[in-house]
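Thank you for making time for this.

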Amino acid sequence: MDKYIQRLIEAAEKGIKNATIKTAELLEKENERLAPKDTGDLKNSIYVKEDSKDYMADVRAKTPYASYVIHGTGVYNTQGAGSKGL
């Protein structure tokens, strides 16, 4: 019985990991689709970083200006980190 439970646990863990990676890859493709196409640098810098220990994956961008494109700058910063006046 323990052998079957262990196999079920392993199958569930494999399914969770695969679902996490597939979801992150879908998000990566959507972010690439939405990225501005001026030079293509931002689009080409988007990637998935896996953390197999915690069944997590992040979609990241390598360009230093990615945060500004996503969140805006100045008074338009969606995270409230920009200037508050003109």
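Which residues line the largest pocket? They are Asn31, Leu34, Ala35, Pro36, Leu42, Ile46, Val59, Arg60, Ala61, Ala66, Val69 and Ile70. The elements that contribute two or more residues to that lining are α1, β2 and α3 (66–71), and the space in the pocket comes to about 180 Å³.

Before I go on, a word on the source: this is a predicted model, in which local features need pLDDT of at least 70 and side-chain atom pairs count only at pLDDT 80 or more, while totals for chains, interfaces and linings use all residues. Residues are numbered from 1 along each chain as its sequence is written, and side-chain values use heavy atoms, with hydrogens and water left out.

As for terms, the search for space runs on a 1 Å grid over the protein atoms alone, where a cavity is a set of points at which a 1.4 Å probe fits but cannot get out, a pocket is an open set with protein on both sides within 12 Å along at least five of seven lines, and lining residues have an atom within 4 Å of a point. Grid points are joined across faces, edges and corners, and a volume is the space filled by probe spheres set on the points.

By that search the structure holds one cavity of 30 Å³ or more, and the volume of the largest cavity is about 30 Å³. Its lining consists of Lys17, Thr20, Ile21, Glu50, Asp51, Ser52, Tyr55 and Met56; α1 gives the most, with three residues, and both α1 and β1 supply at least two.

Now the overall layout. The protein has three helices and two strands, which follow the pattern α-α-β-β-α along the sequence; here helices (H or I, at least four residues) and strands (E, at least two) are DSSP runs, numbered from the N terminus. Of the 86 residues, 17% are buried, where buried means under 20% relative accessible area, exposed over 50%, and partly exposed in between, with a 1.4 Å probe and protein chains only. If a contact is defined as heavy atoms within 4.5 Å, then residues 24 or more positions apart account for 31% of the contacts with a separation of 6 or more.

The buried residues of α1 are Thr20, Ile21, Ala24, Glu28 and Glu32, and what covers them includes α2 (41–45), β1 (46–51) and β2 (56–61).

Tyrosine 55 sits in the loop between β1 and β2 and is partly exposed at 32% relative accessibility. Its phi is near 55 degrees, a positive value in a residue other than glycine; most residues other than glycine have a negative phi.

Finally, the charged end of lysine 62 sits over the ring of tyrosine 47, 5.1 Å from its centre, the criterion being NZ of Lys or CZ of Arg within 6 Å of the ring centre and within 35 degrees of the ring normal.
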